[in-house]
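Have the sequence and the 3D view open side by side. We will walk from the overall fold to single residues.

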Amino acid sequence: MTRRPLARYALRAASLATALGLWQLLTSLDVDLWLRFSQFPTATDVARAFADRVSGADYWTDLTDSLTRILTGFALAAVLGVATGVLVARSRLAEDLLGPVLEVVRPIPAIALVPVAILLFPSNEQGIVFITCTAAFFPVLVSTRHAVRALTPVWEEAVRTLGGGRLRILGSVVLPGALPGIFGGLSVGIGVSWICVISAEMISGQYGVGYRTWQDYTVVNYPGVFVGMVTIGLLGWVTSTAVELLGRRLTSWLPRTSYVPAGRGRTGVPRVAAPAAVAMKADGNPENQPEAQHQGHDESEQGARDEHLV
């Protein structure tokens with residue numbers, strides 16, 4: 001029995017309220033066991049600082065700058081990552097030319113490219129977008145490459161049999177078939193992008209949530225630091241949810257699996273009735289049992305042949 005949406009939302013709200021209550025309790029009592037919660041601001045202090053910050057213009061300027069940087073860099077990474085991933089997966093020449101360079105650059109953390117961005121680009125704004133794009137590029141590239149290579153060749157051969165060319169195969173088989181893997185990489189990429197854009201703003205940015213958070217830390221304004229952290233968390237949650245919802249919308253044609261509690265058998269796996277049993281139950285006549293068993297055997301053999309062909 002699945003929970004209703006209202007009950008699930010209530011459970012999530014209760015989880016968040018419990019975490020906030022635990023934070024308020026540990027910090028208000030100045031608990032110092034091994035972790036020093038006495039150094040932390042209380043949840044109410046952060047809430048008051050958040051209300052004061054929201055009422056000012058600087059907060060919204062920082063929010064707009066960070067969102068502009070993250071969306072620009074992530075959009076570039078999505079386009080370049082998908083295009084490069086498909087190209088490397090579909091072309092041996094492209095894999096030989098681009099593969100070694102990409103594999104050497106991929107392990108380098110994007111935040112380590114801050115000096116390169118400062119030297120390469122004429123403005124800090126362009127450098128931050130470059131770092132954000134680089135952070136999201138490789139997760140999208142790798143997921144796209146694996147998703148394209150995992151496609152069964154039967155679909156492509158079917159399109160070719162019907163007279164379809166490369167563009168037809170790309171638009172009808174490759175991209176739709178790889179969409180689940182692509183959006184998996186996009187979900188990872190948007191999270192990594194937020195990590196790197198905040199770090200880049202702390203190092204070389206002017207304005208932005210990361211820049212403001214670092215400024216609060218330098219002046220020992222710890223409630224302001226937590227305001228920045230909460231803002232970053234909310235922005236990351238909103239953008240990740242947007243990517244996930246877009247992925248669900250574009251892959252709505254895929255079959256969906258739902259959670260089913262265990263307990264239908266000893267192994268917890270739902271029991272599936274055999275075709276013969278289903279036929280007997282529908283017919284209700286024991287005399288038709290051999291015919292139903294024979295029909296179920298034929299269907300199983302046909303399914304095995306189809307699976308072998310795929």
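This is a predicted model: local features need pLDDT of at least 70, side-chain atom pairs count only at pLDDT 80 or more; totals for chains, interfaces and linings use all residues.

Residues are numbered from 1 along each chain as its sequence is written, and side-chain values use heavy atoms, with hydrogens and water left out.

The protein chain has 12 helices and zero strands. Helices (H or I, at least four residues) and strands (E, at least two) are DSSP runs, numbered from the N terminus. Of the 310 residues in the protein chain, 31% are buried. Buried means under 20% relative accessible area, exposed means over 50%, and partly exposed lies in between (1.4 Å probe, protein chains only). Contact means heavy atoms within 4.5 Å. Among the contacts in the protein chain with a separation of 6 or more, 67% come from residues 24 or more positions apart.

Start with helix H2, residues 43-54. Its 12 residues reach 16 Å from the first C-alpha to the last, close to the 16 Å expected at 1.5 Å a residue. The expected span is 1.5 Å times one less than the number of residues. Which residues of H2 are buried? They are Ala43, Val46 and Arg53. They cover an arc of only 85° around the axis, which puts them on the same side of H2. The arc is that of the directions from the helix axis to the C-beta atoms. An α-helix has 3.6 residues a turn, so residues three or four places apart point the same way. The other side of H2 has Arg48 and Asp52, which are exposed. The buried residues of H2 pack against H1, H3, H9 and H10.

Asp216 sits in helix H9 (residues 209-218). Its relative accessibility is 8%, so Asp216 counts as buried. Leaving aside neighbours within four places in sequence, Asp216 is in contact with Arg53, Asn221, Gly224 and Val225.

Now turn to the aromatic rings. The whole structure holds eight aromatic pairs. Rings of Phe, Tyr and Trp (its six-membered ring) pair if their centres lie within 6.5 Å; planes under 30 degrees apart count as stacked, over 60 as edge-to-face and the rest as tilted. Trp23 and Phe226 have ring centres 5.6 Å apart and planes at 35°, so this pair is tilted. The pair links distant parts of the chain, with Trp23 in helix H1 (residues 5-28) and Phe226 in helix H10 (residues 222-250), 203 residues apart. Phe226 counts as buried, at 14% relative accessibility. Phe121 and Phe130 form another tilted pair, because their centres are 5.1 Å apart and their planes are at 45°. Phe121 is partly exposed at 25% relative accessibility, and Phe130 is partly exposed at 24%. Ring pairs also link Trp23, Phe37, Phe40 and Phe226 into a cluster.

Helix H4 covers residues 92-105. Its 14 residues reach 20 Å from the first C-alpha to the last, close to the 20 Å expected at 1.5 Å a residue. Where does H4 bend? The bend is at Leu98, by about 45°, and Pro100 follows within four residues. Such a bend is the angle between axes fitted to the seven residues ending at a residue and the seven starting there. Ala94, Gly99 and Leu102 are buried in H4. The buried residues of H4 pack against helix H3 (57-90) and helix H6 (124-149). At the N-terminal end, Ser91 caps H4, with a side-chain oxygen 3.4 Å from the backbone nitrogen of Leu93.

Asp30, in the loop between H1 and H2, has phi near 55°, a positive value in a residue other than glycine. Asp30 is partly exposed, with a relative accessible area of 46%. Val220 lies in the loop between H9 and H10. Its phi is near 60°, again positive in a residue other than glycine. At 55% relative accessibility, Val220 counts as exposed.

Finish on Thr68, in helix H3. Thr68 is partly exposed, with a relative accessible area of 43%. Its C-alpha is separated by 9.0 Å from that of Val129, 61 residues apart along the chain.

Notes:
A polar contact is a pair of N or O atoms within 3.5 Å; within protein, one must be able to donate a hydrogen and the other to accept it, and residues adjacent in sequence count only if both atoms are side-chain atoms.
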